[in-house]
Amino acid sequence: MKRKTLLGGITAALAGIGLYRFIAQQKETDMAEKWTAADIPDLTGKVAIVTGANSGLGFETSKELARKGATTIMACRNMDKARAALAEIQAEIPNAPIELMQLDLADLASVRQFSADFQAKYNRLDLLINN
């Protein structure tokens with residue numbers, strides 16, 4: 001009986017080690033297959049708006065969309081911070097098709113003005129990133 005229990009314990013331990021190795025290999029495979037900005041296709045001719053584009057995810061999204069050729073509108077509340085962010089992107093990507101437009105989502109007059117200005121300049125919107 002003791003031998004059966006010992007063998008069962010050893011078998012379980014070996015199965016656990018095998019399972020651990022399998023999971024570790026899956027994690028490595030999953031990590032290798034993760035999506036990155038390099039996977040973004042060419043976006044030439046597309047028009048994108050990114051809200052909150054002067055920092056964080058909005059900034060990085062704007063930069064990568066512009067890098068891939070999308071005409072990217074950085075919709076920002078604070079234009080001083082937005083101009084600094086735009087300058088940083090243009091320093092890295094000199095011919096980036098990117099511009100600033102003021103938008104304060106907490107102010108409906110600002111939203112209406114942004115909408116009117118956008119429609120006056122563009123006849124379509126392909127990507128809206130609500131950051």
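**From one serine to the core**

Q: Which backbone oxygen lies 2.9 Å from a polar atom of the side chain of S62?

A: That of G58. Keep in mind that this is a predicted model.

Q: Where does S62 lie?

A: In helix 2, which spans residues 56-67.

Q: Is S62 buried or exposed?

A: Buried means under 20% relative accessible area. S62 has 0% relative accessibility, so it counts as buried.

Q: Which residues does S62 touch, not counting residues up to four places away in sequence?

A: V50, A53, T72, M74, I89 and I98.

Q: What does I98 contact, leaving aside its neighbours within four places in sequence?

A: S62 is in the list, and so are T72, M74 and I89. A66, L86 and Q90 complete the set for I98.

Q: What tends to happen to nonpolar side chains in soluble globular proteins?

A: They tend to be buried together. Now the case here.

Q: Which residues of the largest nonpolar core touch the most other members?

A: The core has 20 residues. L65, M74, I89, A96, I98 and L100 touch the most other members.

Q: How do strand 1 and strand 2 run, parallel or antiparallel?

A: Parallel, with five bridges joining them. As an example, A48 has T72 in strand 2 as its bridge partner.

Q: How many bridges pair strand 2 with strand 3?

A: Five, again in the parallel sense.

Q: How many residues of strand 2 are buried?

A: Five of its six, which leaves strand 2 mostly covered.

Q: Is the β-α-β unit of strand 1, helix 2 and strand 2 right-handed or left-handed?

A: To judge it, point the strands away from you and follow the path from the first strand over the helix to the second; clockwise means right-handed. Strand 1, helix 2 and strand 2 make a right-handed unit. The crossover from strand 2 through helix 3 to strand 3 is also a right-handed β-α-β.

How values were computed
Residues numbered from 1 in each chain as written. Predicted model: local features only at pLDDT ≥ 70, side-chain atom pairs only at ≥ 80, totals over all residues. Heavy atoms only, no water. Helix = DSSP H or I, 4+ residues; strand = E, 2+ residues; numbered from the N terminus. Buried < 20%, exposed > 50% of the residue type's maximum accessible area, 1.4 Å probe, protein only. Polar contact = N/O pair within 3.5 Å; in protein donor to acceptor, adjacent residues only side chain to side chain. Contact = heavy atoms within 4.5 Å. Core = buried A, V, L, I, M, F, W, Y, C linked by side-chain atoms within 4.5 Å. Pairing = 2+ DSSP bridges.
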